[in-house]
Each structure stands twice: as structure tokens, then as C-alpha cells.
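The exercises below are meant to be worked with the sequence and the 3D structure open side by side. Try each task before reading its solution.

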Amino acid sequence: MKLITAVVKPFKLDDVKEALKGAGVQGITVSEVRGFGRQGGHTETYRGAEYNIDFVPKVRIEMVVHDDDVEKTISALRTAASTGKIGDGKIWVTNAERIIRIRTGEEGSDAL
Amino acid sequence: MTFDSGATAWVLVSAALVLFMTPGLAFFYGGMVRSKNVLGMLMQNIFAMGLITILWATVGFSLAFGGSGKYFGNFDFMFLKDVANIPNFPGYVDDFALIIPPLAFVVYQMMFAIITPALITGATADRMKFSAYCILIGVWAVVVYPTVAHWVFSPNGWLFQEGALDFAGGAVVHINAGAAALAVVLVLGKRRGWPREAMPPHNLPFTILGTGILWFGWFGFNAGSALAANGLAAQALINTQLAAASGMIAWLIIEKIKAGHATTLGAASGAVAGLVAITPCAGFVGGMAPIAIGAITGFVCYLCLTLKTKFGFDDSLDVIAVHLIGGLAGSLLLGLFADTAINSLGADGLFFGGGSSLLGKQALASVATFAFSFIVTYVVAKILDATIGIRVTPENELIGLDQSQHAETAYQA
């Protein structure tokens, strides 16, 4: 089992969700996050005073998938989230040691 | 006694319009502060509607419009004694005789007394103790506001008799509140982190909403000041509209040139600057003069935004740049644009063959109002600071006024 985490541009969320459903992902968790990377922030001007806004809004998507589905999922994520411009985001994969469905107590693949 | 029913209806409605400006101001300012202080800002404004109503009825009105003294009113009308049936207020005779019921005049003037100290809250945002605020505006509403209103509005007042003109409160409301704002800010000090940290507005839609309410209410403020439903009221109303429009456009042009974008906050600020400037002029100018007055003031106020960083005083929401400078600009421009063809009780300004005499009187009224308001407010703020303290603790400033002063949160996560 692997936990795949992706941070993507907020307006790409719908495309990514559809692509993940198409790739057979059973469920995702989405959160609104802020951060900075190579894209950097932007400036805003209020009554002539400039403010640097360092943190850029992003969406973090998390999902647990079977080891065999990792490549397929990454490819769906990359295709759907890409604009080709700086700030498209990142994907990382970590081991998920145990997965348990709360209602039934099922574990592993059965719990996905 | 018989009253003009049209005038009475219009002044009663205008009283309601002017009252509505205070919650409008609350949203105008509330949108500009950080989200942890928005209730603090709304509360300071809404509370002015409670406190000053009582103070005005018990003593404030009497100090502003009672007696025949040149410098101060008296206590004849305390608790509005005998006011309902009085034939005329002192000085309000002949040319100045009122054609509305005395109580309509009392309640209409009350709304001005409420919003004037509320204007100060924009300068002191995010850091003033609520208890100190209550005492400050309470004292202010009894000592400062009625005195300046007496000088300028009452036909017995010395500035009125000098010939200074102020149709709806350029000096009494805007210079008066702006000077007080500067005084309190100097005692209060800067917000923690200012100007190093970014403190951007948390809800500009609130600010635009508030601007709409202020603009709407301003028709009651300026056109209601005719105290009649006649041609002069119509003149004041169209002047108000024209100056708000030209103030907005002028601000946006200079903002686009100097900062790169025309912003919603700029549109709101420019409109308010135009409205402030036309306030003293509304019933004394005509033609296209209000467009010039609004536009010149929009430019000037924008250029004055940087004064606070140059001189290092944290006028948080630019009350000085918009209200003090805007009020000064309007009062002085009246010395140029006033026209007796519009109002025979006014005077002719420099551009209408009156020479520089009116300009001098306008300058005198502006300086006298500024000096009195600044000095008294500074002393009151200093005394409060030395006794109960006027500033919240550093921890409370960090937590925000909403939680520390009112035990509430505006937006639940």
C-alpha cells in the first residue's frame, strides 16, 4: 500500500478528480493549503502600499492505492494537473503500513 | 406653530439616512481591518449609536444649540427640556428661521454627533481598549463636538458670525474628527509590526458595501442640511452625487498611473474623499464646480496617503488622509467656488468675484477647528492613558480585539 500526496493548482482540482476516478482510485482527501516553492508569491497593492504575499494557495490531494496502481495513478495526476507553467505542483509517494476501514475492521486491499 | 410638511418629511427621512451612515462606516472600516479585529471595529461604531444618542438628548444638544454665547452653548435644553414646543432656537430667526418641528432638528443633528467620533475609529483600529474608547468618545461628544458645532453651525457661534461657511460639516464633522484621530493616534502609538508587517484588508466586499451605504446616507447628510425640501436641497443632492463620482474617477486615474492598477479599495476611497470634500460646499456651489471639488480632493487625498509613513504615525485606515485632508480641501475650495447665485445666504468665492475674503474665513474656521479638537482630544487621551490605559496589552493585540475585548469570534472555522 502506498500513500500518494499531490499538491496542485486549485483550478485543476476537478480535472484531477475525474482523472483519478478514471484511473480506478476509490477515494481521495482534499485540503486547501498555502505554501511557497519555486513559483514564489505575488504582490498586492492597497491604497498605494505594496504588500508581498509569499504564500500561494494550493490544493493537497491524498489517496491510498495498491502498489500495482502507483504508476497509473501518478500518470493520471500528472496529465490532469499539468499546465506546463511554473507552479504546477508536486507528487510524492510514501509507504502506508496498514489501512483499516473503521466500520468493518477490514484491513489492506479489502479496506481500500 | 405651523411647519412645512414637505420640509419636515424630508428632514425626518434625512435623520434616518444619516443614522444609517454609521453602520455603513462600520462596514467600510470593518472590511479593511484584519479578521481578528472586525468585531472590535463594528462594535466601536455601533456603540457610538447607543452612547451618543443618550448624551446628545441629555446634554449635547443643549451645549451645541442652547444660549446666545459666541463660544459655548448652555444648559437650557438639558434633557430636551421645553424643546418640543419652543418657538425658535437661539439665533434661528429671520433668514435662519426653521420651518420644521424643533424635535426634527434635534434628532437630525443627533445623527451628526454620532457619526463624527465614530470616524476616529479608523485611525485607532486594532489596538484601542474598548473601555478607554467609550470614555474618550463620551467626553468628546460632550466637550468637543457640541463646541465646534456651536461655533460653526449655530447662528450665534463666532465662526458663523465671522462668515465662515460650512453647509453640512466639512469643519464640524471631518476636520474635527480628523484632528481628533491624529491626536489619539499620537498617544496610542503604532500597531505592533507596523509598517514592517503586511496588514492587508480582510474583506474588501464589506468595504464596498459600506461605501454604498455611506454614499446613500450622504444624500441625507448634505441635502438634508438644507433643512427644507426645496431647490437648495436638490442642488445639494446633485452636488453630492457629482463630487462622489469625480472623486472616484480622479483617485482611480492617479492610482493607475502611480501603482499600476485601478483597485476596488481605490474606487471606494476616492468616492468617500469626494463626498467629504463636497460636504461643506453642498449648498453653496453649483454648475460643474462639484466635479472640480471632488476631483481635486481625490488627487490630493491620494497623494497624502504617504504622509503617515513619512512622519511615522500609524493612521491605520487613513482617516487623516481622507477625512482631515478631504475636509480641509473642501472647506478651502469653497473659498474659491462659492456662488451667491446658488445660495443668497452664502458668499461669493474667489472665482465668483468675491475676492479672497471668504477663503480667509474658511482657513480661519479650519485652523480653529483643527486646533481645538486636536488639543482637547490629545489632553483627554493622555489623561486616559495615564489612568486606565488606552491600549490593549501586547498579548491581547496579538489575539485580536474580537476575542480580547468582546469574547467573540467573527468567523467560525
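**Exercise 1.** Leaving aside its neighbours within four places in sequence, which residues is B:I293 in contact with?

*Solution.* The model is predicted, so local features need pLDDT of at least 70 and side-chain atom pairs count only at pLDDT 80 or more, while totals for chains, interfaces and linings use all residues. Residues are numbered from 1 along each chain as its sequence is written, and chains are lettered from A and ligands numbered from 1 in the order in which they are written. Two residues are in contact if their C-beta atoms, placed from the backbone, lie within 7 Å. With the neighbours within four places in sequence left aside, B:I293 is in contact with B:A243, B:A277, B:I278, B:C281, B:V285, B:G330, B:L333 and B:F337.

**Exercise 2.** Work out what pattern chain A follows along the sequence, and how its radius of gyration relates to the globule rule.

*Solution.* Begin with the elements, where helices (H or I, at least four residues) and strands (E, at least two) are DSSP runs, numbered from the N terminus. Chain A has 2 helices and 6 strands, in the pattern β-α-β-β-β-β-α-β. Its radius of gyration is 17 Å, well over the 13 Å that the globule rule gives for 112 residues, so chain A is more spread out than a compact globule; the radius is taken over C-alpha atoms, and the rule is 2.2 Å times the number of residues to the power 0.38. Along the principal axes, the C-alpha atoms of chain A fill a box of roughly 60 × 30 × 20 Å, and buried residues make up 18% of the chain.

**Exercise 3.** In what order do the 4 strands of the open sheet in chain A stand, and why is one side of β2 and of β6 left without a neighbour in the sheet?

*Solution.* Two strands pair if DSSP finds at least two bridges between them. The order is β2-β5-β1-β6, with antiparallel pairing. Because β2 and β6 (89-95) stand at the edges, each with a single partner strand, one side of each has no neighbour in the sheet.

Now follow the pairs: β2(A) and strand β5 (residues 56-65) are joined over 7 bridges, with A:K58 as the bridge partner of A:V33. Strand β1 (residues 2-8) is likewise joined to β5(A) by 7 bridges, and here A:L3 stands opposite A:V64. Strand β2 (residues 29-35) is hardly covered, since the count of buried residues among its 7 residues is 0.

**Exercise 4.** How many residues lie between the strands in the hairpin of β3(A) and β4(A)?

*Solution.* Strands β3 (residues 42-46) and β4 (residues 49-53) of chain A pair in the antiparallel sense over 5 bridges, and A:T45 stands opposite A:E50. Between the strands there are 2 residues, and A:R47 takes a positive phi near 50° in this hairpin.

How values were computed:
A residue is buried if 20 or more other C-beta atoms lie within 10 Å of its own, exposed if 12 or fewer, and partly exposed in between; C-beta atoms are placed from the backbone.
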